[in-house]
Amino acid sequence: MLSYDQARQKVIEAGRARRGVPAREVVALGGAFGRVLADPVLADRDYPPFDRATRDGFAVRALDVPAPGRTLEIIGEVKAGDAFPGIIGPGQCAQIMTGAPVPRGADAVVMIEYTKPSESRVVIERSVEPGQNIVPRAREARAGELLLAAGTRLGYAELALAGQVGHHRLSVFQKPRVAILSTGDEVVGVQDTPGPFQVRNGNSVSLAAQAALAGAEPVLLGNAPDRSAELQSMIERGLEADILVLSGGVSRGKYDLVEIVLGELGAEFFFDAVAIRPGRPAVFGVCRGRFVFGLPGNPVSTMVTFELFVLPAIDLLSGTAPRPLPLLRAKLAAPVRLKAALTHFLPARLDWAGGEPVVQELPWQGSGDIVAMAAANCFLVVPEKRLKAAAGDWVEVLPRRDRF
Ligand code: AMP
Ligand code: MG
C-alpha cells in the first residue's frame, strides 16, 4: 500500500503529465485575491524610483560628521511626495521625513532621535556612515524587472505589489471546476428531514468549502444512490468538470460501487488504497481525461483525504505549483498509542498558550465523528513507523488550512 506521501506524489506526477495551460480571464485587482497569475507582472519603473529616506531626521553629508557632536546648518526641509530644490553643501543639512527623496549632495540620513535641533542648526550626536537610512533608487527592483511570475497565486502582498506597479486589472487563469458528488442510499439533503437511519449530506458541504478554499470553483451535483445506473449517469455529468470528487462507496461493502462504475467508464487508477487512517480506501484515477477522486464517506476521512490528495490536483489545474503540506512540529500534551500500522491523522487542538506549540488529541468516536472534528484546528499526525508517543514528545501536526 502506498504511504500518503507516495500517493500525493502520484497525484502530482499525473497532474504534471496531463495538465494543459488553463484558459485565462481578466479580473479587477480587487477581485484577484487567491487567483493564479496568467501573465507576469513587471516593474513599471525603478523601485524605489528615487533615493528614499527610511527615517525621519536630517539628510547630511557623511563626511561632515566623522565623529559625534558636529553642528550643521539646516537649509530647509523635504517631506514625502516633495523634492528638495537645492543642494546640500559642506556643513549643511535638510530636515527630512520618511519616504522623502534624499536631496542632492546628501548621502546619509540621521535619525531625529540622534540629533539636537535648535532654530537653524542641529547637533548630530552620532557619527554617520555614507548610505545610512537610505534605500538607493532601484535597489528593490529595476524598471522592467520580473516581480511576479505567471503561475503565482495572488495573496495580499502580491496584490499590493501588482497595484503598486499600476495593474488595476490582472490576467489570471480560470479556476478549475471541481464537481462534487456524494453517494449513499442513506444520504439526504441538508434541508431534508432524515429518516431514523439516514444522514444529511455534510460531505458535500465540507468538500465545497475545501474546494473553494483551495481556489477551485465547486460544482455541486448532489447525491447519487448506491445503484450502478444512476451512479454512472451522475458520474458522467461530473466528468464534464475538471476534477470529479466523490464521497462514499469506495470501501469493500456490497454497495460500494464507485470504483466498479468508474472502471466500467474506462478509468485508469493510480491508487485505490493509502496507508492512512482515516481514509485508507481513497481512490485516485483518470477517467475520460479528467481527474477523479473517490474519497471515503466518513466525514473526517473525506476531509483528510481531500487535504492530502485533491489539493495538489487543484493547484496543478489552476496553473500553479502544488503547495507543500504545511506540517508543523509541536509537543504532545498527552501520550498516544495506536495499533494499526497506518499513519494516523487524528483530530486535535494546537495551542501556543505556554509559549511553545502543544498539540492535544481530542476524544473522538472515529472517522464518523464530525462533532469532534469541528472542535479540532489540526490533525495530529502519528506515523506508521512510530505508533507510540509520550507526553512531551515532538510530533507532527497538519493544521487545518481554514483555521490558521
Ligand atoms: P461509505 O464510505 O459510503 O461506506 O460511508 C461511510 C460512512 O460515511 C457511512 O456511515 C455513511 O453514512 C457516511 N456518509 C457517507 N456519505 C456521507 C455524506 N455525504 N455526508 C455525511 N456522511 C456520509
Ligand atoms: Mg456508502
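Reply: Start with Asn 203. Beyond its neighbours within four places in sequence, Asn 203 is in contact with Ser 247, Gly 297, Pro 299 and Thr 302. Contact means heavy atoms within 4.5 Å. Asn 203 is found in helix H3 (residues 202-213). Helices (H or I, at least four residues) and strands (E, at least two) are DSSP runs, numbered from the N terminus.

Me: What kind of model is this, and how are things numbered?

Reply: This is a predicted model: local features need pLDDT of at least 70, side-chain atom pairs count only at pLDDT 80 or more, and totals for chains, interfaces and linings use all residues. Residues are numbered from 1 along each chain as its sequence is written, chains are lettered from A and ligands numbered from 1 in the order in which they are written, and side-chain values use heavy atoms, with hydrogens and water left out.

Me: Why does Asn 203 count as buried?

Reply: Its relative accessibility is 8%. Buried means under 20% relative accessible area, exposed over 50%, partly exposed in between (1.4 Å probe, protein chains only). Asn 203 therefore counts as buried.

Me: What makes the pair of Asn 203 and Thr 302 a polar contact?

Reply: Their side chains make that contact at 3.4 Å. A polar contact is a pair of N or O atoms within 3.5 Å; within protein, one must be able to donate a hydrogen and the other to accept it, and residues adjacent in sequence count only if both atoms are side-chain atoms.

Me: Which residues come nearest to ligand 1?

Reply: Of the 16 residues around ligand 1, they are Glu 186, Asn 201, Asn 203, Gly 249 and Gly 297. A residue is near a molecule if one of its heavy atoms lies within 4 Å of it.

Me: Which backbone atoms lie by the oxygen atoms of ligand 1?

Reply: A backbone N or O atom of Gly 249 lies 2.9 Å from an oxygen atom of the ligand. For Asn 298, a backbone N or O atom lies 3.2 Å from an oxygen atom of ligand 1. The protein covers 77% of the 480 Å² of accessible area that ligand 1 has on its own.

Me: Why is Phe 293 called buried?

Reply: Phe 293 has 1% relative accessibility, so it counts as buried. Phe 293 lies in strand S21 (residues 290-295).

Me: Is Arg 61 buried or exposed?

Reply: Arg 61 is buried, because its relative accessible area is 18%. Arg 61 sits in the loop between strand S4 (57-60) and strand S5 (70-78). Among the residues in contact with Arg 61 are Ile 88, Pro 90 and Asp 107.

Me: Why is Leu 327 called partly exposed?

Reply: Leu 327 has 29% relative accessibility, so it counts as partly exposed. Its loop runs between helix H6 (299-318) and strand S22 (328-332). Leu 327 touches residues including Tyr 4, Val 381 and Leu 398.

Me: How do you know that the buried residues of H4 lie on the same side?

Reply: The buried residues of helix H4 (residues 228-238) are Leu 231, Met 234, Ile 235 and Gly 238. They cover an arc of only 105° around the axis, which puts them on the same side of H4. The arc is that of the directions from the helix axis to the C-beta atoms. Their cover includes strand S13 (177-183) and helix H5 (258-264).

Technical notes:
Areas by Shrake-Rupley, 256 points an atom, 1.4 Å probe, with all protein chains shown as cover.
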